[in-house]
Each structure stands twice: as structure tokens, then as C-alpha cells.
Amino acid sequence: LHAWRNSELNVKYLLTFRPENQDKPFRAHPIPFMEAQASAIGLELLFVIIPEGTKDYKKTYVDGIRNVKEKYGVTVLGTGDMDLVGTMERNWIERCCEEVDDQMKTYLPLWKRDREECLDSLLNEGFEIRFSCVKSPFFDGSWIHRVLDRDALEELKSLAERKLTD
């Protein structure tokens, strides 16, 4: 959304990395959610397919990004990443783009931004936000597909205050 609103960027596509086997549910970015998002802002939805049995994820991502660059002319990947994941020392997409070539750039408008401020902004604009994937033990299955409204935001704040999540 930030990239799409940025007048310096010419956003044409929404890109999703997804597993090859569509029979298994893809929890991180459910395809119907991604289709709805792309449709809502008039973008073509592209996929980088991660083959079943992939052992070298970085190579697969780099090859996929390189293919998107060559086929569609994409030179900037925007991501909604806000922070590092797990034990990673740098942003994953940024690292992968650097391996494509020195012309492939990343756009990280939410990087290290205050989460509450970002959520507040979306709620104030009237967006309907739904949880598509949650991490246990911090959340249970009742959060999946739940609407993120002011009540849910207060629950998240309470969890953060108790240091159960950030």
C-alpha cells in the first residue's frame, strides 16, 4: 500500500512467494486474500513458486526475483516487513535482491516503524484487517480470520505489556 501510494514508484504488480502445491493451505499469505488485495488496488498478482522439497530457499527466492525482473521489468520490490524474523541478521528480501544484481532494490516503508502507529493509521483509514496467520504459543487458532478492530488492538497491547508478543 505504501509503495502503491508512493508517486516516485510505478507499482504495477503485487508479488507473492507461494509453495508449488496448492492443495495444501498456504497460511502465511492466503491466496484469496492476496487476490482480493491486488484487485482492490487494480494490480496484477504475480507468484514466485517455491517448489516442493526446496532445500536452498535463498537460491529459489533469488532465481524467482531475477525471473520477475527479467520478465516484467521489476527493479524494486516493496515489502511490508517491519522487523527481522527469527535469527536473521538482515531483511531477507533485501538480501535476496542484492544477490540478483546491484540494480535490484528493495523498498521497506514499514521497517522498524512503530506497530501500534501503523495499525492505528490503517484503522483510521477504515481498512478491514484480518489475521491470516498467527504464531503459537502467543496466539491460538481463534485469532485466525479475526478482524483487527480496536478491541483486538487493545488485546494485542495487553499481550505486549505482558511481554508475550511485540
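These legends describe close-up views of a predicted model. Local features need pLDDT of at least 70, side-chain atom pairs count only at pLDDT 80 or more, and totals for chains, interfaces and linings use all residues. Residues are numbered from 1 along each chain as its sequence is written, and side-chain values use heavy atoms, with hydrogens and water left out.

View 1. Domain 1 puts eight residues into the contact and domain 2 puts in nine. Contact means heavy atoms within 4.5 Å. About 670 Å² is buried between domain 1 and domain 2, with 65% given by carbon and sulfur atoms. Arg5, Phe33 and Met82 supply 57% of the area that domain 1 buries against domain 2, more than any other three residues. Buried area is the accessible area (1.4 Å probe) that two parts lose on being put together, summed over both.

**View 2. The salt bridge across the domain interface.** One salt bridge is found between domain 1 and domain 2. The term means a side-chain nitrogen of Lys or Arg within 4 Å of a carboxyl oxygen of Asp or Glu. Arg5 and Glu125 meet through their side chains at 2.5 Å, N to O. Arg5 sits in helix α1 (residues 2–5), and Glu125 in the loop between α5 (115–124) and α6 (150–161), 120 residues apart. Helices (H or I, at least four residues) and strands (E, at least two) are DSSP runs, numbered from the N terminus. Glu125 is partly exposed, at 40% relative accessibility. Arg5 is also partly exposed, with a relative accessible area of 45%. Buried means under 20% relative accessible area, exposed over 50%, and partly exposed in between (1.4 Å probe, protein chains only).

View 3. Helix α2 covers residues 31–40, and its buried residues are Ile31, Met34 and Ala38. Seen down the axis of α2, they fall within an arc of 60°, so they line one face of the helix. The arc is that of the directions from the helix axis to the C-beta atoms. The buried residues of α2 pack against β1 (13–19) and β2 (44–50). Pro32, Ser39 and Ala40 are exposed, on the face turned away from the buried side. Gly42 follows α2, with a positive phi near 70°.

**View 4. A link between α3 and α4.** Glu99 and Lys58 form a salt bridge through their side chains (2.6 Å, N to O). Glu99 belongs to helix α4 (residues 92–100) and Lys58 to helix α3 (residues 57–72), so the pair ties together parts that are 41 residues apart in sequence. Lys58 is buried, with a relative accessible area of 19%. Glu99 is partly exposed, at 44%.

**View 5. A pair within α6.** Lys157 and Glu154 form a salt bridge, their closest N and O atoms 3.0 Å apart. Both lie in helix α6, three residues apart, about one turn of the helix. An α-helix has 3.6 residues a turn, so residues three or four places apart point the same way. Lys157 is partly exposed, with a relative accessible area of 23%. Glu154 is partly exposed as well, at 45%.

**View 6. A salt-bridge network.** Lys59, Asp63 and Arg66 are linked in a network of salt bridges. The salt-bridge count comes to 14.
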